[in-house]
Amino acid sequence: MIAGLLAAAAAAPLQVWDLTLDDAGLVATGDTLQWAWSDAPAAGPGGASWGTNPDGPYLHDTDDSLVIDLPPLGGATQATLLMEHAYDIAAGDSAQLEIDAGAGWVVVDPIGGYPTAEGFVGDSLGWVDSAFDLSGLGDDLQARLRLVADPSQAAEGWYVRRLELHDADVVAPRITPLVLPSDNQDLVGPYRVQLSMVDTVALVDPTVWWSTGGVPAALPMQDVGNGVYEAEVPGQPPDTVVSWFATVSDTTQEARYPEEGEATFRVYLAAPKGLLADLDGARVATEVDLSWTPPVTPHPVVGYELTEEGGQVIAVDEAATQWPLAPGGSRRFSVRADYGALGQGDASPTVQVSVEVPELDELAPSSVARGERRYVLVQGEGLYLLQGRSTFTLGAGVVVEEADVVDVGTATLRIAVDGGAVAGPRALVIDGPQGVATFEGAFEVLEQGNTPTIVSVAPDAVVQGREVEIVAMASAAFAGPVQVEAGDGLVLTQPAVVSGEEVRFGLAARSDAAPGPRTVVLDDGIRLWGVDITVEAYRAPPQRSCSAAPGVVGAWAWLGLAGALCLRQRGRSWLR
Amino acid sequence: MACQEFGFNGLGTGDPPDRRVVVEERFVQAPLEGVDVLFVIDETPSMEQEFDALADSVGALMAGLDSSGLNWQLGVVGADMIGEDRGLLWGVPWVITADTPEREELFAEMLVTPPVPTQSEAGLAAAILALELATDGGANEGFRRPDAGLQVVFVSDGDDSSATLHDDPVAAFLERIALEEASGSWARASALVGDVPSGCASPRGTAQPGTAYVEVAEATGGVVASICHADFAAVLEALSADSVVLPVRFELAEVPVSDEVQVSVDGVQATGWELAVDPPAVVFDTPPDAGVSILVSYTVATQ
C-alpha cells in the first residue's frame with residue numbers, strides 16, 4: 001500500500017502492479033537489459049522487486065528502461081500514477097519516468113518535482129512514494145522507468161515494488177518550506193512563514209497555526225503566486241518560543257507542515273559569550289576574576305547580571321568583575337546582559353571553577369579574656385596549613401606564642417591576650433603556602449572575667465642549688481595532666497601530679513640561677529597557668545662561733561649583741 | 001646549742017655548694033604521629049577495574065590509620081607525565097585527612113581515567129615531581145609536613161616507564177626518598193603492582209610485572225603486593241600497619257650526668273639503649289613496644 005500518498009482511500013484504483021509477488025508482466029529494454037525482477041535482490045533496499053542489476057551496483061555507460069503498459073486513460077479526469085520505489089543513483093546519471101502517448105517518449109515530472117534536474121538522483125534512503133499526474137494523455141499509453149548511466153562509477157540502483165493507477169484525487173497537497181522563521185532577536189516582528197503548496201487541484205484554507213503555549217491561533221496564508229503562500233506571525237517579547245504548523249486542503253486531502261509535531265522558533269535577547277574564570281593558577285582562592293565578551297545584538301546593553309548557581313547574584317557595568325568565592329558555593333557561574341527596558345537577556349553557558357575556598361569550621365574557644373594564656377583550636381577546609389610556613393594573627397594585643405600544625409586543616413595555637421588588649425571581635429588571619437585567608441569576626445577578646453588563676457603556692461621560693469616540692473592550688477580544677485615549663489635556671493625534678501585544683505611538682509634552682517621572681521608555667525593542655533616563684537640567693541649556713549654558753553646573763557648579752565649586729569647587717573642590705 | 005642560731009657567719013653570702021638533683025622523666029611509647037600517604041596511580045584505560053577495587057577498599061587503609069592514632073594526610077597523583085597537570089595532586093581538596101568530610105567518596109571521585117586516554121606510566125618520575133611540588137612554593141605545598149613520615153604507594157598494572165625523564169629512575173626516586181627522610185622522620189615506598197617476574201592475571205585483567213616499583217619498595221622496606229590480589233582491603237590494611245612507626249629516641253629536658261642515668265620500661269630496668277649528647281636523649285637499639293611506660297631517672301648538676 002502506498003500509505004504516504006493515499007491519505008484516504010477514494011475509489012478503487014484502475015490498476016495495481018504488486019511487484020513483490022511477481023514481475024507483473026513488466027518488460028526490460030535497453031542496452032544491457034539490466035532491469036530485472038528478483039525475489040531476493042543482493043543490492044537495493046531488499047525484498048522482492050524490479051531493480052537495476054539486482055545482483056549488485058547498476059551497470060554504467062548504458063541506457064536501460066523498465067516498460068509498463070498502461071490501460072486507456074482517455075476517459076479519466078484525474079489519472080494519477082503512484083509509485084513506491086527506492087533509488088541510489090550517482091551524480092551524472094539520470095532516472096526519470098517517461099510516457100509515450102503516441103508521439104514519442106516524454107519525461108513526466110512527479111507532483112512536487114524531481115529532487116534534481118536529472119530526476120531521481122541521490123539516495124532516497126529506503127522506500128519512498130512518488131505521484132505522477134497522467135491526466136489528459138489518451139488511451140494508447142506506455143510508461144517507462146529510464147536509467148541512463150554515464151561511464152563513471154555506479155551506485156546501488158533503482159528499485160520499484162508497487163505501482164497504482166487511480167482516476168481520483170488521491171494525492172494530498174505537497175508543501176515545501178521556502179522561508180521559515182528561525183531564532184531571532186527581533187522583538188517587533190512580524191516573522192514571515194513562506195511555503196510552496198502545490199497540488200493537481202485547487203487548494204483551500206492554507207493556514208498557519210501558531211501559539212506561545214496556549215491554544216494555537218489561525219493565521220490565513222496569502223497566495224503570492226506560483227504556488228507560494230505567506231503568513232506573518234506577530235512580534236513577540238524576548239524569551240518566547242513560538243510553535244507553529246501549516247495546513248492546507250484540496251477538499252479531499254489535507255496536508256500539514258511539518259508532517260508531524262510543530263516547528264518552533266525563539267525570540268530572545270542574546271547572551272554574553274566566552275565567559276572565562278581566571279584563578280591565575282591558584283588552587284585555593286577567595287575570589288575569581290570573571291570576564292566575558294558582550295553579546296552580539298542589535299539592542300543596547302546597559303549592564304550585566306552575574307549568577308552563581310544556587311547562590312548570589314550581582315550586577316556589574318563592565319564585561320569583567322572579581323567575584324568573591326564563598327565556602328560551599330557551587331562555583332558554577334553564568335552571566336546575562338541587562339537590556340534595560342527590554343529586560344534580561346539569555347544566560348551564557350555555565351563555567352565551572354575548580355578551586356577550594358578556605359573555610360573555618362571551628363575556632364575553639366572563639367573568645368578569650370584579657371590577660372589569659374591558653375590554647376585555641378583552629379580547624380577548617382582549604383586552609384593548607386603547614387608547620388613553619390603558616391602564620392596566624394589575631395590582631396593587636398593578642399600574641400600567638402606557638403602554632404602546632406597537625407595537618408592541612410588543623411592547628412593548635414598557644415595565645416596570650418595582653419591585659420590591655422582592646423575587647424571586641426577581630427579577624428583571624430592565616431597566611432600560608434596557598435595564600436592568605438581572613439576570617440572576619442572569628443575571634444573575640446573579652447573583658448577580664450572569671451579567668452581561673454593560681455591562688456596559692458607553697459613554698460613560693462627556692463634557694464640557689466636547692467630542690468623543693470611545690471604545691472600550687474588553682475581556683476578551678478586543672479583540665480588534665482600538667483606539663484611544667486620551669487624556665488631559665490630552674491630544673492623540673494619531679495613531673496607534676498594533679499589532683500583536682502592541686503598540683504605538686506619537684507623544682508630545683510641551679511646554683512647559678514639568677515635570684516629574683518620567676519613565673520613557672522603550668523600547661524594543662526587547655527590553659528597556661530602562671531606560678532610565681534622566687535629564686536633566692538644562697539646564704540651560707542650559720543657557723544658555730546662559740547663552744548659553750550656563758551650562763552644566762554652572758555646569753556642575754558650575746559643575744560643583744562647579735563641582734564644589734566643583725567639589724568646593722570640588714571640595714572646595709574636595705575641601703576644597697 | 002642556742003648560740004648556733006645566731007652565729008655571725010650565718011648571715012654571710014658565700015657561693016652555693018655544688019649540688020646534684022635527680023630528675024625523673026616519663027614517656028609513653030606511641031607511634032610517630034604523622035604520616036603522609038602518596039598514591040601514585042597508573043591512569044591508563046586498563047586500570048578502570050582496579051580503580052573500582054581501590055575505591056572500594058580505601059576505607060580499610062583509612063580505618064587502619066585512624067585506629068593507629070596517626071595524623072595522616074593522603075594525596076593522589078597520576079603516573080601520566082605528559083599532560084599539563086603532571087605532578088599535581090588530584091581532587092578538590094587535594095589532601096584528604098582523617099577529618100575530611102566524605103573522605104572515601106572524595107578518594108573514589110579522584111580515581112577517574114582521563115577523558116583523553118594516556119599511555120604514560122611514569123610512576124617514579126610522577127612521584128618525584130609530586131614531592132618536589134610539595135616543597136616551598138610548589139603547587140602541592142601543604143601535602144608534606146616537616147616531621148611526618150612518608151608512604152608512597154605505587155598502583156599499576158604495568159612497569160614504570162620514566163627512563164625518558166631520568167637516566168636511572170630507580171636511583172632518582174631513592175635519592176628523593178633519602179631527601180624526604182632527611183627532612184622528615186621516615187620514608188618508604190610500597191608497590192601494588194603486577195607480580196615479578198611474570199606478571200599476573202585476575203578477573204580484573206592482566207598485569208605486566210612491576211619490576212621497578214618492586215625494586216624501590218624492597219629498597220625502602222615497604223610493602224609489595226600483587227595487583228591481581230583478590231582482596232585489596234587486606235593489602236591496604238597491611239599498608240596502614242606499615243605506616244605505624246615507633247620511635248627509638250626520647251629527648252630529655254635536661255643534660256644528665258652521663259654515668260647517672262637509669263632507664264626502665266614498665267618498671268623493669270632496661271638495657272639496649274645509649275645516651276645521645278646533643279640534644280640529650282635516650283636512644284634505644286630497637287623501639288619499645290607501643291603503650292609501654294618509659295621512665296628515665298638521671299642526675300642533673302645544678303652548677
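Predicted model: local features only at pLDDT ≥ 70, side-chain atom pairs only at ≥ 80, totals over all residues.

Mentor: Residues are numbered from 1 along each chain as its sequence is written, while chains are lettered from A and ligands numbered from 1 in the order in which they are written.

Trainee: How many helices and strands are there in chain B?
Mentor: Helices (H or I, at least four residues) and strands (E, at least two) are DSSP runs, numbered from the N terminus. Chain A comes to one helix and 45 strands. For chain B, the count is six helices and 15 strands.

Trainee: What percentage of the residues in chain B is buried?
Mentor: A residue is buried if 20 or more other C-beta atoms, placed from the backbone, lie within 10 Å of its own, exposed if 12 or fewer, and partly exposed in between. In chain A, with 576 residues, the buried part is 35%. In chain B, with 303 residues, the buried part is 41%.

Trainee: Among contacts in chain B between residues at least 6 apart in sequence, what percentage joins residues at least 24 apart?
Mentor: Contact means that two C-beta atoms, placed from the backbone, lie within 7 Å. For chain A, among contacts between residues at least 6 apart in sequence, residues at least 24 apart account for 67%. For chain B, the corresponding value is 78%.

Trainee: Are α3(B) and α4(B) roughly parallel or roughly antiparallel?
Mentor: Axes are lines fitted to C-alpha atoms, for helices over the stretch in contact, and angles run from 0 to 180 degrees between N-to-C directions. Helix α3 (residues 123-132) of chain B packs on helix α4 (residues 169-183) of chain B at about 30°, with axes 9 Å apart. Angles under 35 degrees count as roughly parallel, over 145 as roughly antiparallel, 65 to 115 as roughly perpendicular and the rest as oblique. The two helices are therefore roughly parallel.

Trainee: In the contact of α3(B) with α4(B), how many residues are charged?
Mentor: Among the contact residues are Leu124(B) and Ile128(B) of α3(B) and Phe173(B), Arg176(B) and Glu180(B) of α4(B). Ala, Val, Leu, Ile, Met, Phe, Trp, Tyr, Cys and Pro count as nonpolar, Asp, Glu, Lys and Arg as charged, and the others, Gly among them, as polar. The contact has nine nonpolar residues, no polar ones and, as charged, two.

Trainee: How far apart are the axes of α4(B) and α5(B)?
Mentor: The contact includes Leu174(B) and Ile177(B) of α4(B) and Val216(B) and Ala219(B) of α5(B). Its residues divide into eight nonpolar, one polar and one charged. The helices pack at about 35°, and their axes are apart by 10 Å.

Trainee: Does Asp139(A) count as buried or partly exposed?
Mentor: Asp139(A) lies in the loop between β10 (128-133) and β11 (141-149) of chain A. Not counting residues up to four places away in sequence, Asp139(A) touches Pro72(A), Leu73(A) and Gly74(A). With 13 C-beta neighbours inside 10 Å, Asp139(A) counts as partly exposed.

Trainee: Does Val282(B) count as buried or exposed?
Mentor: Val282(B) sits in strand β14 (residues 281-284) of chain B. Its contacts, not counting residues up to four places away in sequence, include Phe250(B), Trp273(B) and Val296(B). With 22 C-beta neighbours inside 10 Å, Val282(B) counts as buried.
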